[in-house]
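Here is a friendly walk through one protein model. Have the viewer open as you read.

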Amino acid sequence: MREISLTEVEGLVGTEIGTSEWITVDQPMIDLFADATHDHQFIHVDPERAAAESPFGGTIAHGFLTLSLLSAMNFDCVPKIREQTMGINYGFDRIRFMSPVKSGSRIRGHFTLAEIRFRGAGMLMTTYDVSVEIENEKKPALTAIWTTIVQFDPKDRPEGV
């Protein structure tokens with residue numbers, strides 16, 4: 001993974017800064033997520049019933065499973081900020097689940113750096129426009145605006161910001 005410095009971040013605003021590797025969302029992953037979240041709706045965990053009774057032709061991933069995979073996708077492809085001591089998930093705006101992720105599908109994330117804002121002495125808020133592509137599908141699985149906080153030592157703060 002490539003690294004960048006705090007001074008380089010501003011120049012990346014408005015650009016797609018990363019596309020992750022593909023992640024296969026298979027039935028064992030969906031089942032583990034169902035167990036962790038206590039969401040065992042048949043469209044996620046019962047392949048036979050989902051094939052017979054749902055419009056999806058089989059099981060689909062939980063939307064929140066797809067959303068939670070953004071952390072791994074981000075780590076895979078977004079450049080690490082050299083001065084960063086810690087990253088914090090601040091939250092999401094306008095999450096939309098556009099298309100179901102069928103069991104066995106491959107997905108990957110696209111990250112565009114939409115905005116940055118220095119806060120306090122040692123924090124940088126970064127906002128990404130995110131979409132999760134489903135292999136061989138026209139519509140994305142989801143789109144969202146994701147805000148994170150990059151924590152760094154205040155002595156590393158670029159001058160003038």
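Asn136 counts as exposed, at 75% relative accessibility; here exposed means over 50% relative accessible area, buried under 20% and partly exposed in between, with a 1.4 Å probe and protein chains only. You will find Asn136 in the loop between β7 and β8, where strands (E, at least two residues) and helices (H or I, at least four) are DSSP runs numbered from the N terminus. Although Asn136 is not a glycine, its phi is positive, about 65°.

Arg94, in strand β5, also has a positive phi, near 50°, without being a glycine. With a relative accessible area of 59%, Arg94 is exposed.

A word on the source: this is a predicted model, in which local features need pLDDT of at least 70 and side-chain atom pairs count only at pLDDT 80 or more, while totals for chains, interfaces and linings use all residues. Residues are numbered from 1 along each chain as its sequence is written, and side-chain values use heavy atoms, with hydrogens and water left out.

Ser105 belongs to strand β6 and is buried, at 16% relative accessibility. Leaving aside residues up to four places away in sequence, Ser105 touches Ile23, Thr24, Val25 and Ile134; contact means heavy atoms within 4.5 Å.

## The nonpolar core

Val25 is also among the residues that touch the most other members of the largest nonpolar core, together with Leu70, Met73, Ile107, Phe111 and Leu124; this core has 35 residues. Such a core is a set of buried Ala, Val, Leu, Ile, Met, Phe, Trp, Tyr and Cys residues joined through side-chain atoms within 4.5 Å. Elements supplying at least two residues each include β3 (23-25), α6 and β6 (105-119).

In α6, Leu70, Met73, Asn74 and Cys77 are buried. They lie on the same side of α6 because they cover an arc of only 100° around the axis, taken from the directions from the helix axis to the C-beta atoms.
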